[in-house]
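Student: I have a structure open in my viewer and would like to learn how to read it. Could you walk me through some of its features?

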Amino acid sequence: MSHSDTFLSGLTVTRRDLLGAFAVAAMASAIPLGAYAQAAAPASGTAQAIADHFSGVTTMQGEFVQFGPRGEQTGGKFFIQRPGKLRFNYDAPSPMRVIADGRNVAIGNTKLKTWDLYPLSKTPLSLLLAQHIDLSAGMVKGVKEESDLTTIALGNNTVFGNSTITMMFDPKTYDLRQWTITDNQGKDTSVMIFNVKTGMQFDDRVFRVPYETIPGTPQSRD
C-alpha cells in the first residue's frame, strides 16, 4: 500500500526475541524484481499449485512482525477472510489499526480517533486477499523458485502504478510466510507471519470499518 510508511512512523516492536532472526530474513527477502525469472510464460505447475492452495485458505489468523521502509518495526495479531477482508491489531503502545472490509482499507489511530480510507481495489493488498490467484494473468511480475522458498511478485501498472506485492511461500507445505509491499517510490514494507491458524469462523464485527466516525462518508452524516 503506498501509504504504509505513514502509519508505521514511530512504532516499536514488542517481541524483541524474534527481531534478530526476522530482521535478517526481511532484509534478505527484499529482492529487486529484476532478479526474478520474468513470467512472460505461465508459471510452473508448482508455483500455480502453491497459489491455488493459498487461494483455498479462506480464513487465517496469527501473529505478525512488520518492518517498515525506514527500519521501523512492530508486531501484533492479524485476521484474514477471503475475499477482501483483513485486520491488523498492533501491539501496545501502538494505537494503530488496519481494517479491510472487502471495499476499502481503513487505517486508524485509536488514540487520536482518526481514520484514513483507501479503496481496496486500488492497493496491491487486494491481490493478497483475492478470491483466486491466477499466475497466468498479466499481473505476474515474476516467480522465483528455490529449494526453501517460492516467491511470487504481482502487480498491475494500470491499477497500482509501480506498486507491487511479493508473496513468499514454503515450497513444501505451501504455507504463506511473508509478504512485501513495494510502493510507487520503491519503499518496502514487509510482514512476516507466524503461529498461523486456518479454517476458523470470524464474527462480522472483526472486519467492520467504523464509517460513522470517518468524516465524508455517508454513514457519518446519518
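Tutor: Gladly! Let's start with aromatic rings: the rings of Phe, Tyr and Trp (its six-membered ring) pair if their centres lie within 6.5 Å, and planes over 60 degrees apart count as edge-to-face. Keep in mind that this is a predicted model.

Student: How many aromatic pairs does a search of the whole structure find?

Tutor: The search finds 7 aromatic pairs. One of them joins Phe-79 and Phe-202 edge-to-face, at 5.8 Å centre to centre and with 90 degrees between the planes. This pair links distant parts of the chain: Phe-79 belongs to strand E2 (residues 73-81), Phe-202 to the segment after strand E11 (188-198), and the two are 123 residues apart.

Student: Are Phe-79 and Phe-202 buried or exposed?

Tutor: Buried means under 20% relative accessible area. Phe-79 has 16% relative accessibility, so it counts as buried, and Phe-202 is buried because its value is 15%. Another edge-to-face pair is Phe-88 with Tyr-90, at 6.0 Å centre to centre and 70 degrees between the planes. Phe-88 is buried at a relative accessible area of 5%, and Tyr-90 is buried at 4%.

Student: Now the strands. How should I read a sheet?

Tutor: The general idea is that strands of a sheet pair through backbone hydrogen bonds, either parallel or antiparallel. Here 11 strands form an open sheet with antiparallel pairing, in the order E6-E5-E4-E3-E2-E1-E11-E10-E9-E8-E7. Its edge strands are E6 (114-119) and E7 (140-145), each pairing on one side only. From one strand to the next, the twist averages 20 degrees.

Student: What joins E2, E3 and E4 to one another?

Tutor: Take E2 and strand E3 (residues 85-90) to begin with: they pair in the antiparallel sense over 6 bridges, and Ile-80 has Leu-86 in E3 as its bridge partner. They form a hairpin with 3 residues between them, and Gly-84 in the turn has a positive phi of about 85 degrees. E3 then runs antiparallel to strand E4 (residues 96-101), joined to it by 5 bridges. In E4, Val-98 is the bridge partner of Phe-88, and a hairpin of 5 residues connects E3 to E4.

Student: Which side chain makes a polar contact with Asn-104?

Tutor: That is Tyr-211, whose side chain has a polar contact of 2.9 Å with that of Asn-104. Asn-104 is found in strand E5 and is buried at 14% relative accessible area. Residues it touches include Ile-99, Leu-117 and Tyr-118. Strand E5 (residues 104-109) pairs with E6 in the antiparallel sense over 6 bridges, and Asn-109 stands opposite Thr-114 in E6.

Key. Residues numbered from 1 in each chain as written. Predicted model: local features only at pLDDT ≥ 70, side-chain atom pairs only at ≥ 80, totals over all residues. Heavy atoms only, no water. Pairing = 2+ DSSP bridges. Helix = DSSP H or I, 4+ residues; strand = E, 2+ residues; numbered from the N terminus. Axes fitted to C-alpha atoms, helices over the stretch in contact; angles between N-to-C directions. Buried < 20%, exposed > 50% of the residue type's maximum accessible area, 1.4 Å probe, protein only. Polar contact = N/O pair within 3.5 Å; in protein donor to acceptor, adjacent residues only side chain to side chain. Contact = heavy atoms within 4.5 Å. Phe/Tyr/Trp six-rings, centres within 6.5 Å; stacked < 30°, edge-to-face > 60°. Lists of a residue's contacts leave out its neighbours within four places in sequence.
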